Every structure is written in structure tokens, then in C-alpha cells.
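Work through the exercises below with the model open. Each task is followed by its solution.

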Amino acid sequence: MLALGALIPIGYVVQAAFAMGWDQLSALVFRPKVAELLVNTVLLVVIGVPATVVLGVGGAWLVERTTLPGRGVFKVALAAPLAIPAFVASYGWASAIPSMNGLWAAVLVATLAYFPLVYLPALAAIRGLDPALEESARSLGMGSWAVFFRVVAPQLRLAVLGGALVVALHLVAEYGAFAFLRFDTFTTAIVVAYESMFAGPNAAALGLVLALLCLILLGAESAARGRAHYARVGGGSPHPAETLGLGPLTVPALAAVAAVLAGALVVPLTSVVRWLMRADAAAFGDVGIAALQTLGLALAGALCTIAVALPFAWLAVRYPGRLSRLLEGAAYLASSLPAIIVALSFVAVTLAFAPSLYQTAFTVVAAYVVIFLPRALVPLRAGLSQVPESLEEAARALAVPPAAARLRVTVPLLLPAIGAGAALVALGAANELTATLLLAPTGTSTVATSFWSAASALDYPTAAPYAVLLVLLSVPAVALMFTHATGRTLR
């Protein structure tokens, strides 16, 4: 039932495509504009995802396993860009450099905004590695690069692939960031089609192509993931891992980290502060109300999404097979569609079957669950994969019922992953734009929708207070995710 609920947007797109018929559908899909959108979207993923992996894994390795000066500060700073929504970062870059647009601008902004989604799971995985394995490899004559690629990298595969998949799904579904940069993707074209024709055939056809693109991404991630498990009983080697001296690479490494942080934090925040200084008192009038409504919807969305994601993650880890992968894929597939299509599918379903739910908080939260389910699934799946099933078996051998064994043994070990997943969902829900605009009850104004209303009208001073609030609301969630990744609190 949960999988069927997650597939409501897919059903909506497929039904719209069938309603058009093959002749009309082929005429809409096989045309030069769609080919241009496909090339743009594919290039964005092909260039952007590896770039985020390089920045995420490279940054995690530098701050965790090398003698990089100031690595304690950089460890926190590299997670900080996650507190700046992609469309706020794009707003900062576009207002600082108005001529900035096109593919490479989109790749730059998206990579700087989303690389922490790879950095945090990679950091957590690196901290959990047993250094004895690397020491054994070095004792056999392997150099540092060989140890990294032959011993460390395979153990990071699950975490990095999960983060890369989430980044890829964000890239194909992102709207606001690319709209500021005037870069056309399937998502921006779908939003334009819906705004001009409201659920017209053009948007439905583009949505179908986007869903097929997501299927390819899911298949690639599933094939790369394989069936390997990396859980272990015990803490491994009790001593800390050896830190590698950078030597002559110290200055280039510092310069690279500083450049990433300048692009991800300094440029957008400087632009936001510059516009904030020009805002008058009227720009702050409704900020408090928007903040309260945002918090309420974000927390409700996080709790409901975790409740839905747990069964999917449990099946994927404890009962791997075609059925579990199919159900998990259903969750990822629905979330790959732009939020506006998810929202319109819920509009159609509620008006047809439950009119009383139309434009209510229930419908908004349901849309959040579908949109952000992968954000909860990735940390939950990674957390479960590191909890040995033998611990539950030992509890059952002591006559503890299965359900009680899970509650007393597995759930406490899974709490950090649950917290990280909830933080990711709450962060996404607080920043969500298009679905909230369409589904929220009349009079509801979140921080994201208020920001977009002002920024899209080029009223940058009025948008600035909401941009600052979006960042401030995101800080606790990012701090919780950092705590989960590093095992320590921010000070």
C-alpha cells in the first residue's frame, strides 16, 4: 500500500500519456526541443554527479585522514553549504553576476550546493573504517593511492552511491536554482508548460521522459551497489587511523578547500547580506508567521516520511531480492518527478476521491513524503546495513520475542540514522517551493514561497530576510546530520 501511494504521481503521468494516444505523444516527445532538454539534463547529471563525488569524498578524506591545517574547522565548514538551499545559492550568484547563465553556471551552483550530500555519508563511512585493514595493505607493500582505491574505496561504495543517487535525483528535479540561471531542463520546461496550460499534454509527455530517465539512474545505482555487506561485530582496531602527511600538497589542498567554501558559502551569503542591508522595515512584516508555518509543515513531513521509509529500508537490507528492490525503486521513481507534478497528481486524486482533503495540510505533508522519501531511505538503509542481524538472533535465542528484539536491540542502534533521515527530510520540506505553492491551504505562506514570490519579481531586498531565515532554519538540521556523520556535537 505504501508503494502504491508513492506511485500516485507516476500513475498520474502515465494516465495522462495514455489519454493523449501514441500519435500525439510521439509528436510531443520526438521533437528538437525535447532533444535539447534531454541533452541539457543528461549533461547536468553526467558532469554534476561526479563533481559532487570528487568534492564530497575528497573533502571527507582530507579532513579525516590527512594533516590538513585547520581540518577541525574545515570538517564543519564543508557541511555548511547544505544549510543554503540551492535556489538561494543561485539567487546569490545570479544577483552578484547577472550575466551568469547556462550549463556551466548550473553545474557550478548545483555542485557547490549538493556536494555535502556525498560529503556527510562519506565522512561517516571513513570514520567507521577499521584502520587494521589499511595497515595490512601497507605491510604488503601498497602505496597510499593503492590502499585508497583497493581497500578504502570499496568500503565507501554504499555510502557514496547512496549520496550520488540523491544528488542525481535532485539535479533532474530541481527548478528554482536553474530558473534563476536561465538554464532549461526537463523540470523547468514542465513548470513552464503547467503554468501556461495547466496539466497540458506537453508537460505530461516531458514528465514521462523524466520518469524514464530516473529509471536509468536507479538501474545504474542498483547495479553498482551489488550485494556486498560491510557490517561487522565489534569496534575493530582500537587505535585511531594513521593520518597521512600532505607535504608539498598542503598549500594546493588548502587552496582547493578554500575555493570550494568561497563558492559555496561566501558568494551567496555576501549577496544575501548585501540585499538585506537594503531592505526596509516592511520586508520583515510577515517573516515570523512564515517561519511558524514552515516549522509545522516541515516537522510533520519529517515524522511521516520516516514512518513510511522504515518498512522500505527494512525490506531492502534484511530481505534483499527483486521484490524489495522493486518496492524501493518505486519510492525513488516517484520522488524523481518535479514537485509540481507530484503536487498536481495529488490535486487530481483529492478532487476525484476526497475533495475535503484538497488544499489541506494533510495533502501538503503527503506530497512531502513522496518527494523526500529517498532522503530518509538512504541513511536508514546505510544504518541498517551496519547493524548485524546476529545481534537480533542472539536476543531471540534468549527467548526475546522478535518484535521486542527489534525494539530493544536494533532500534537503539538505528536512532542516529533515524535522526539523520528526519533532519534531511525536514531540511528539504522547509525549503520546498512548487508543491507548497500549489497544495498549501489558502493563506499559508512558508518562508520558501515568500522568498520566491519576491525574488522572482526581482525584488531582491524583500527576498533577503526570507533567504536569511531559510539558512537559519536549515542550521539545526545540518548540525544534526553532522553529528550523525562524525559522532560528535558542534561546539
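**Exercise 1.** Classify Lys 33 by its relative accessibility: buried, partly exposed or exposed?

*Solution.* This is a predicted model. Lys 33 has 33% relative accessibility.

**Exercise 2.** Find which residues are joined with Lys 33 into one salt-bridge network.

*Solution.* 
1. Start with Glu 36. Its closest approach to Lys 33, N to O, is 3.9 Å, and the two form a salt bridge. They sit 3 residues apart in helix α4, so about one helical turn separates them. Glu 36 is partly exposed, at 39%.
2. Turn to Asp 184. It forms a salt bridge with Lys 33, with the closest N and O atoms 3.5 Å apart. This pair links distant parts of the chain: Asp 184 lies in the loop between α11 and α12, 151 residues from Lys 33. Asp 184 is partly exposed, at 34%.
3. Shared partners join Lys 33, Glu 36 and Asp 184 into one network.

**Exercise 3.** The structure holds 3 salt bridges. Describe the one between Glu 64 and Lys 75.

*Solution.* The N to O distance is 3.0 Å. Glu 64 belongs to helix α4 and Lys 75 to helix α5, 11 residues apart. Both Glu 64 and Lys 75 are buried.

**Exercise 4.** How do helices α7 and α8 pack?

*Solution.* Their axes are 6 Å apart, at an angle of about 30°. Angles under 35 degrees count as roughly parallel, so α7 is roughly parallel to α8. Leu 112, Ala 113 and Tyr 114 of α7 contact Pro 116, Leu 117 and Val 118 of α8.

Methods
Residues numbered from 1 in each chain as written. Predicted model: local features only at pLDDT ≥ 70, side-chain atom pairs only at ≥ 80, totals over all residues. Heavy atoms only, no water. Axes fitted to C-alpha atoms, helices over the stretch in contact; angles between N-to-C directions. Helix = DSSP H or I, 4+ residues; strand = E, 2+ residues; numbered from the N terminus. Parallel < 35°, antiparallel > 145°, perpendicular 65-115°, else oblique. Contact = heavy atoms within 4.5 Å. Salt bridge = Lys/Arg side-chain N within 4 Å of Asp/Glu carboxyl O. Buried < 20%, exposed > 50% of the residue type's maximum accessible area, 1.4 Å probe, protein only.
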